Amino acid sequence: MLLHRSVAATKNKARGSQGQFPLTQNVTVVEGGTANLTCRVDQNDNTSLQWSNPAQQTLYFDDKKALRDNRIELVRASWHELSISVSDVSLSDEGQYTCSLFTMPVKTSKAFLTVLGVPEKPQITGFTSPVMEGERMQLTCKTSGSKPAADIRWFKNDKEVKDVKYLKEEDANRKTFTVSSTMDFLADRNDDGAVISCRVDHESLNSTPQIAMQVLEIHYTPLVKIISSNSWPEEGQSIILTCESKGKPVPEPVLWTKDGGELPDPERMVVNGRVLSISFLNKTDNGTYRCEAKNPIGRNSTEYVLIVHDVFNTLLPTTVIPSLTTATVTTTVALTASTTTSATAISTRDPNALAGQTGPDHALIGGIVAVVVFVTLCSIILLGRYLARHKGTYLTNEAKGAEDAPDADTAIINAEGSQVNAEEKKEYFI
């Protein structure tokens with residue numbers, strides 16, 4: 001009787017279960033995480049639900065646990081849903097799980113559990129420090145345990161390096177992969193201090209890549225450059241030459257030479273570290289100055305050609321004064337000669353004297369002499385013009401019989417009538 005009822009009840013469930021179907025979804029979880037498997041039925045007339053693993057072992061039948069695995073727990077059990085969780089998921093848990101609805105016939109739905117293998121932290125090998133400039137470096141970045149295979153990218157100071165080699169190998173468990181990437185380059189001084197980073201990208205890292213870094217240390221010979229403080233050195237001035245040297249290790253104190261030998265005048269040519277100071281420049285300082293720097297890797301030098309220029313003077317303009325008359329020619333020549341002499345005196349200077357000490361006195365003297373010459377010439381010109389305009393003719397006459405006159409008055413009276421025929425004598429005064 002009980003058996004009949006049971007059979008009848010089963011038949012009723014089968015008839016009432018027509019059109020029902022369980023619904024599931026695929027699940028992806030990171031190794032070590034927790035996977036939630038859910039099976040739902042929209043319409044269910046008290047029909048049982050069951051979860052089974054890829055080995056077809058029953059995990060849960062309704063709310064009853066069938067497999068002794070502490071990692072598997074019941075989340076929810078009802079006529080419309082059966083949800084379970086699997087904690088601390090391993091790669092061996094990956095596979096196809098089945099949800100069964102016990103209708104007549106039994107209906108099933110598959111859910112595939114994907115387990116991601118987390119890549120190990122990458123390591124860079126082949127790195128040595130320091131590296132000599134020009135040596136070839138081969139760096140390899142390697143990571144294991146990724147599933148699927150991880151992606152490796154190289155960066156130098158945040159700039160990606162594209163020319164690299166990539167290698168993927170399957171691990172012994174035949175589930176995960178070991179990947180490696182190699183970067184090959186020549187060491188250059190510009191790479192000293194550069195940060196080389198290897199970045200591993202993988203979907204299990206949740207957009208937070210794993211990174212390994214190394215800082216390059218490149219040793220190289222010094223690079224030397226001379227900087228001058230004066231672009232147009234003149235006699236009497238000073239100049240400062242600075243020798244800039246960059247190398248690794250840091251170069252030793254620099255060596256200054258002139259024309260292949262020692263500095264000829266240590267009193268005026270003073271070396272202070274990398275700086276050469278030359279005071280009171282003169283023509284003997286012309287030449288080639290060399291700065292040499294060295295370190296344990298090697299040595300290097302550079303040259304600077306010094307040319308000391310003459311002092312630039314601004315001469316007073318020469319005024320040409322035309323001669324006015326024949327009588328003033330001699331005077332004009334004398335004044336011109338005097339002016340030339342004064343100009344020569346002004347331009348004559350002690351070659352060893354400093355331009356800054358004598359320049360202002362010469363300018364003052366030249367200005368005074370120019371004013372005096374100008375005033376003198378103007379006076380002579382005005383005097384010449386005046387005499388030329390008042391040039392006159394004077395007559396003299398000796399009266400006949402004046403010799404016999406007792407005095408001057410009688411002689412003048414006796415001579416009044418004879419002036420008409422008198423001989424004219426002309427005198428010119430200038």
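1. D265 and R268 form a salt bridge, with their closest N and O atoms 2.8 Å apart. The term covers a side-chain nitrogen of Lys or Arg within 4 Å of a carboxyl oxygen of Asp or Glu. R268 counts as buried because its relative accessibility is 14%. D265 is partly exposed, at 23%. The cut-offs are under 20% relative accessible area for buried, over 50% for exposed, and partly exposed in between (1.4 Å probe, protein chains only).

2. The model is predicted; local features need pLDDT of at least 70, side-chain atom pairs count only at pLDDT 80 or more, and totals for chains, interfaces and linings use all residues. Numbering starts from 1 along each chain as its sequence is written, and side-chain values use heavy atoms, with hydrogens and water left out.

3. How many salt bridges does the rule give? The count comes to 22.

4. One of them pairs D184 with R136, at 3.2 Å from N to O. This pair links distant parts of the chain: D184 sits in strand β16 (residues 177-186) and R136 in strand β12 (residues 136-146), 48 residues apart. Strands here are DSSP runs (E, at least two residues), numbered from the N terminus. Are the two partners buried or exposed? R136 is exposed, since its relative accessibility is 56%. D184 is partly exposed, with a relative accessible area of 35%.

5. D192 and K248 also meet through their side chains in a salt bridge, again 3.2 Å from N to O. Here too, distant parts of the chain are linked. D192 lies in the loop between β16 and β17 (195-201), while K248 belongs to strand β20 (residues 239-248). The two are 56 residues apart. D192 has a relative accessible area of 23% and therefore counts as partly exposed. K248 is partly exposed as well, at 26%.

6. Which residues make the nonpolar surface patch? F61, F102 and V106 do, over about 230 Å². Patch residues have over 30% relative accessible area and no salt bridge; nonpolar side chains (Val, Leu, Ile, Met, Phe, Trp, Tyr) are joined within 5 Å, like charges within 9 Å. Areas come from the Shrake-Rupley method with a 1.4 Å probe, and for residues only the protein chains shown count as cover.

7. F102 counts as partly exposed because its relative accessibility is 35%.

Technical notes. Helix = DSSP H or I, 4+ residues; strand = E, 2+ residues; numbered from the N terminus.
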